[in-house]
Amino acid sequence: MSDRVLAAAGITDPRLQESYLACRALAAEHGRTYYLATMLLPAARRPFVHALYGFARFADDVVDDLADTRTPAERAAALYEWGGDLFTDLKRGRSADPVRMAVVDTILRFELAPELFEAFLDSMAMDLTVTHYDTAADLDRYVYGSAEVIGLQMMPVLGAPPRSDPYARALGYAFQLANFVRDVGEDLDRQRIYLPLDELALFDVTPEDLYRRQMTPQIRAALQHQAAKVRRLERFSRPGIAMIPRESRDCVEVARILYCGIVDAVADNDWDVLSRRATVGQRRRLSVAVPAGLRAKVRHLTAAGRALPDPPGPG
């Protein structure tokens, strides 16, 4: 991230700049599709989206690091300790942590609700002890914190109005469910099943069937059912995307196409998620991102100078 990008966002303090740079590095290293989409944002908004990623990445690392030898209780304690420090920093109005510094600045600058971050931490903590979800309603509660709140955090940063919130939640759910469909095999390695058992049972699929790791017509049908839900959620979200200012819209459009397109990649693999991991190919990524990038450049020029929220005052 260049000084031009940070300056455009009104980030001038050297230590705060370093924190935003650290969040950008996390996004570039761990979130390929996410990072690609953020490059389509106006420079003035890009660092704040990277900061939100930095928050989510830290929590995800605590939960999903297979090399971590701590007990689930110890990892949950570390997760909530970091979260508690974040909320203390918010009350103080600043942070000395190299990642939280940018996160706190972003939350205060855009007046994001702390409850959204609490919900995210709660869902991440569930990953440490919950191995499956009996019903779709149970999964809904998890996905609210793991994915829907990400959309609710993002929309103010992108300049969207509050009435876009239901659509943001739906798109977040679609992204998460697409990942669940793709990652069934990997999640089994972690002793987790995210697809709700009541909906698997509609197709006579049991957890034992999944752990056998043998694809069957019933498992394919169950996956197709979940993919259809992804597509319904994606279609529902489109009016909300139209509410995002034009200069920020291409970022979400690219993310929508590529993340929801994961289920199409799974279909191309004959729905085999037990022995193969579907990916959206580089050619497809470029075919979506390059035209969007050209559109975004024009929109950024026409929107130059649009005001952002003032940085938070001294605590």
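**Basis of the description**

Contact here means heavy atoms within 4.5 Å. The model is predicted: local features need pLDDT of at least 70 and side-chain atom pairs count only at pLDDT 80 or more, while totals for chains, interfaces and linings use all residues. Residues are numbered from 1 along each chain as its sequence is written, and side-chain values use heavy atoms, with hydrogens and water left out.

**Overall architecture**

The secondary structure comprises 16 helices and 0 strands; helices (H or I, at least four residues) and strands (E, at least two) are DSSP runs, numbered from the N terminus. Of the 315 residues of the chain, 54% count as buried. Buried means under 20% relative accessible area, exposed over 50%, and partly exposed in between (1.4 Å probe, protein chains only). Among the contacts with a separation of 6 or more, 72% are made by residues 24 or more positions apart.

**Nonpolar core**

A nonpolar core is a set of buried Ala, Val, Leu, Ile, Met, Phe, Trp, Tyr and Cys residues joined through side-chain atoms within 4.5 Å. The largest one holds 97 residues, of which Leu-86 and Phe-117 touch the most other members. Residues up to four places away in sequence aside, Leu-86 touches Phe-55, Arg-100, Val-103, Val-104, Ile-107 and Phe-117.

Helix 8 spans residues 136-158 and bends by about 50° at Tyr-144. The bend at a residue is the angle between axes fitted to the seven residues ending there and the seven starting there. After helix 8 comes Gly-159, with a positive phi near 90°.

The axes of helix 4 (residues 46-64) and helix 8 come within 10 Å and cross at roughly 165°. Axes are lines fitted to C-alpha atoms, for helices over the stretch in contact, and angles run from 0 to 180 degrees between N-to-C directions. The two helices are therefore roughly antiparallel to each other, a label for angles over 145 degrees, whereas those under 35 count as roughly parallel, 65 to 115 as roughly perpendicular and the rest as oblique. The contact is made by Phe-48, Val-49 and Leu-52 of helix 4 and by Gln-153, Met-154, Val-157 and Leu-158 of helix 8.

Gln-153 counts as buried because its relative accessibility is 1%. Beyond its neighbours within four places in sequence, Gln-153 is in contact with Leu-52, Leu-112, Leu-116 and Phe-117.

**Other buried sites**

Ser-19 lies in helix 2 (residues 14-30) and, at 2% relative accessibility, counts as buried. Leaving out residues up to four places away in sequence, Ser-19 touches Asp-97, Pro-98, Val-99, Met-101 and Ala-102.

Pro-161 is placed in the loop between helix 8 and helix 9 (165-182). With a relative accessibility of 19%, Pro-161 counts as buried. The C-alpha atoms of Pro-161 and Met-243 are separated by 7.1 Å, although these residues are 82 residues apart along the chain.

**Positive phi in loops**

Glu-111 is not a glycine, yet has a positive phi of about 55°. Glu-111 lies in the loop between helix 6 (100-110) and helix 7 (114-126), and is exposed, with a relative accessible area of 72%.

Gln-191, also a residue other than glycine, has a positive phi near 60°. Gln-191 belongs to the loop between helix 10 (184-189) and helix 11 (197-201); its relative accessible area of 47% makes Gln-191 partly exposed.
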